[in-house]
Amino acid sequence: IISAAIFDLDGVIVDTAKYHYLAWKKLANEIGTDLSVEENERLKGVSRMDSLDIILSLGGLQFSEVEKVAMADKKNTWFVDYVNQMKPDEILPGAKNLLESCRANGIKVALGSSSKNAKAVLDLLKIAHLFDVIVDGTMIKKSKPDPEIFLLGASLLNIPPDQCIVFEDAEAGVEAALAANMRCIGLGSPAQLGKANLVIPDLKNFTIEDMINLVPIH
Ligand code: BG6
Ligand code: MG
């Protein structure tokens, strides 16, 4: 049975994954390297500092901790600038509908995002009230693929992990969900997310009935 749905934010509920990519690419270019769309897949779901480390290792670059913190701050300033210009229509198609129908069917709803900007993004889009629990990057020690974020969400909801279903667009997120002993629906391409229980392109045509067909609710 399924009693709770846990949603990733960037790339699942809102189209912010593109802004993370633009900001990281800008930083990569500034330090004399680059970041391809394919390489960027490895950054999805991963914390800010871990993302920077991946970019530096791809480019064969090394910097001091102090320099790295300054770079991560710079990337975040650009990301926040993009986000502040976002309009409510950048909520991804089908996402709000699914959140609302989960609630209407007695399924608890949590956010499980590695982002430290998650709460600000939800407030900006005026959808924070749709979540029973919000777990973000400020509340965890280890980011995805570690299961900590999803296990914390389940425990705050007071629901056993095996009664949770996770919606994820990142390979690291799918791994985290499975490591937490949760079911996982991958949003994107099967090439990246093949380990998920089901992979669909997006939430546009996905209804609560589809979710219940996959795993019955109590
Ligand atoms: C995740 C994104 O949701 O949050 C990653 O998929 C991002 O790309 C991570 O690096 C951390 O986000 P932030 O906003 O704390 O830098
Ligand atoms: Mg994501």
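This is a predicted model: local features need pLDDT of at least 70, side-chain atom pairs count only at pLDDT 80 or more; totals for chains, interfaces and linings use all residues.
## Basis

Local features need pLDDT of at least 70 and side-chain atom pairs pLDDT 80 or more, while totals for chains, interfaces and linings use all residues. Residues are numbered from 1 along each chain as written, and chains are lettered from A and ligands numbered from 1 in written order.

## Annotated aspartates

An unreviewed UniProt entry annotates Asp8 and Asp10 as "active site"; such annotations may be inferred rather than shown by experiment. Asp8 sits in the loop between β1 (4-7) and α1. Asp8 is buried, with 30 other C-beta atoms within 10 Å (buried means 20 or more, exposed 12 or fewer, with C-beta atoms placed from the backbone). Its contacts (C-beta atoms within 7 Å), leaving aside neighbours within four places in sequence, include Gly45, Ser113, Asp169 and Gly173.

Asp10 lies in the loop between β1 and α1. Asp10 is buried too, with 24 other C-beta atoms within 10 Å.

## Ligand shell

Ligand 1 is surrounded by 18 residues (C-beta atom within 6 Å). Asp10, Arg48, Ser115, Lys116 and Asn117 are the closest.

## Helix α4

Helix α4 (a DSSP run of H or I, at least four residues) covers residues 65-84.

Met71, Lys75, Phe79 and Val83 of α4 are buried. They cover an arc of only 115° around the axis, so they lie on the same side of α4 (the arc uses directions from the axis to the C-beta atoms). The buried residues of α4 pack against α1 (17-30), α3 (48-59) and α6 (118-124). On the face turned away, exposed residues include Val66, Asp73 and Asn84.

Technical notes
Helices (H or I, at least four residues) and strands (E, at least two) are DSSP runs, numbered from the N terminus. The expected span of a helix is 1.5 Å times one less than its number of residues. Two residues are in contact if their C-beta atoms, placed from the backbone, lie within 7 Å.
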